[in-house]
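I opened the notebook to go through one model, element by element. These are my entries, in the order I looked things up.

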Amino acid sequence: MSTLPHRDWQTQSQAPQTQGLNRPMAWIGVMLLAMLVAVGLARWSGLDPRTPDAAVQWQRDLQFRDVAGGDIAVLDHRTGQQVAQFSGEQGFLRSTLRALARERHRESLSGDAPFLLIGRTDGRMTLQDPSTGQRIDLESFGPSNAAVFASLRLAGQ
């Protein structure tokens with residue numbers, strides 16, 4: 001049981017909390033504002049956060065076709081010869097091709113143009129659609145997913 005009157009007890013317990021919260025909240029607000037200003041200045045100045053692409057080490061022009069049974073045939077665009085065939089689900093391969101094909105369909109472009117599989121000197125690989133300008137950096141999805149496309153480098157040769 002407290003010996004202080006009830007009105008004094010409420011004033012004393014709330015005053016330190018209110019004063020203690022104002023200073024940290026003000027600092028958080030100042031830091032958030034500083035970050036917003038820094039990001040705004042960086043975007044306004046044209047700073048590009050992407051690292052430039054390494055030089056092209058090898059390139060292969062490939063076409064992907066759906067064949068009977070739900071398989072995907074991979075054709076070398078230059079020779080027209082089938083170099084590989086993927087059976088089964090092939091989730092990463094299908095989703096990657098679907099994303100690029102969706103962009104072609106959205107822009108009403110033909111699906112006959114090849115995709116460029118590009119290997120770079122730093123070991124990265126890119127699947128690029130020259131007709132739409134879209135690109136997928138394959139190493140971003142992990143080594144096992146990138147290996148699906150890496151197997152196409154020398155397939156059929």
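Entry 1. I began with Phe64, which is buried at a relative accessible area of 13%. I noted that this is a predicted model. Phe115 is buried as well, at 7% relative accessibility. I counted the aromatic pairs and got three for the structure. Phe64 and Phe115 make one of them: the ring centres are 6.0 Å apart, the planes stand at 45 degrees, and the pair is tilted. I then placed the two rings. Phe64 is in strand 1 and Phe115 in strand 4, so this pair ties together parts 51 residues apart in sequence.

**Entry 2. Another aromatic pair.** Next I took the rings of Phe92 and Phe149. Their planes meet at 85 degrees with the centres 5.9 Å apart, so I logged the pair as edge-to-face. The cut-off I needed here is over 60 degrees between planes. Phe92 belongs to helix 2 and Phe149 to helix 3 (residues 143–150), so the pair joins parts 57 residues apart in sequence. Both Phe92 and Phe149 are buried. I found Phe141 with them: Phe92, Phe141 and Phe149 form one aromatic cluster.

**Entry 3. Strand 4.** Phe115 sent me to its strand. How many of the residues in strand 4 are buried? I found six of six buried in strand 4 (residues 115–120), so I wrote the strand down as mostly covered; buried here means under 20% relative accessible area. I sorted the side chains by direction. Phe115, Leu117 and Gly119 point one way, while Leu116, Ile118 and Arg120 point the other. In a regular strand, side chains alternate between the two faces of the sheet. Both sets in strand 4 are buried.

**Entry 4. The partners of strand 4.** I looked for paired strands. Strand 1 (residues 56–66) pairs with strand 4 in the antiparallel sense, over six bridges. In that region Val56 stands opposite Arg120 of strand 4. Strand 5 (residues 125–128) also pairs with strand 4, antiparallel, over four bridges. There I noted Ile118 opposite Thr126 of strand 5. I then read the hairpin of strand 4 and strand 5. Four residues lie between the strands, and Gly123 takes a positive phi near 95 degrees in this hairpin.

**Entry 5. Arg104.** Is Arg104 buried or exposed? I found Arg104 buried, with a relative accessible area of 3%. Arg104 sits in helix 2 (residues 91–106). I listed its contacts, leaving out residues up to four places away in sequence: Leu109, Ser110, Gly111, Asp112, Ala113, Pro114, Phe115, Asp129, Ser131 and Thr132. Phe115 of Entry 1 is among them.

**Entry 6. Salt bridges.** I counted 11 salt bridges in the structure. Side chains of opposite charge can pair when their charged atoms come close. I checked three of these bridges in turn.

- Asp76 and Arg60 meet at 3.2 Å, N to O. The pair links distant parts of the chain, with Asp76 in strand 2 (residues 72–76) and Arg60 in strand 1, 16 residues apart. Asp76 counts as buried at 9% relative accessibility, and Arg60 counts as buried at 6%.
- Glu103 and Arg106 meet at 3.4 Å, N to O. They are three residues apart in helix 2, so about one helical turn separates them. I marked Glu103 as buried at 12% relative accessible area, but Arg106 as exposed at 63%.
- Asp137 and Arg135 have their closest N and O atoms 2.7 Å apart. Asp137 is partly exposed at 21% relative accessible area, and Arg135 is partly exposed at 25%.

Which residues are linked in a network of salt bridges? I noted Asp53, Arg120, Asp122, Arg124, Arg135, Asp137 and Glu139. Arg120 is the strand 4 residue that stands opposite Val56.

**Entry 7. A surface patch.** Met25, Ile28, Met31, Leu32 and Met35 make a nonpolar patch of about 530 Å². I followed up Met31, which lies in helix 1 (residues 6–45).

Methods
Residues numbered from 1 in each chain as written. Predicted model: local features only at pLDDT ≥ 70, side-chain atom pairs only at ≥ 80, totals over all residues. Heavy atoms only, no water. Patch = residues over 30% accessible without salt bridge, like charges linked within 9 Å, V, L, I, M, F, W, Y side chains within 5 Å. Areas by Shrake-Rupley, 256 points an atom, 1.4 Å probe, with all protein chains shown as cover. Salt bridge = Lys/Arg side-chain N within 4 Å of Asp/Glu carboxyl O. Helix = DSSP H or I, 4+ residues; strand = E, 2+ residues; numbered from the N terminus. Buried < 20%, exposed > 50% of the residue type's maximum accessible area, 1.4 Å probe, protein only. Pairing = 2+ DSSP bridges. Contact = heavy atoms within 4.5 Å. Phe/Tyr/Trp six-rings, centres within 6.5 Å; stacked < 30°, edge-to-face > 60°.
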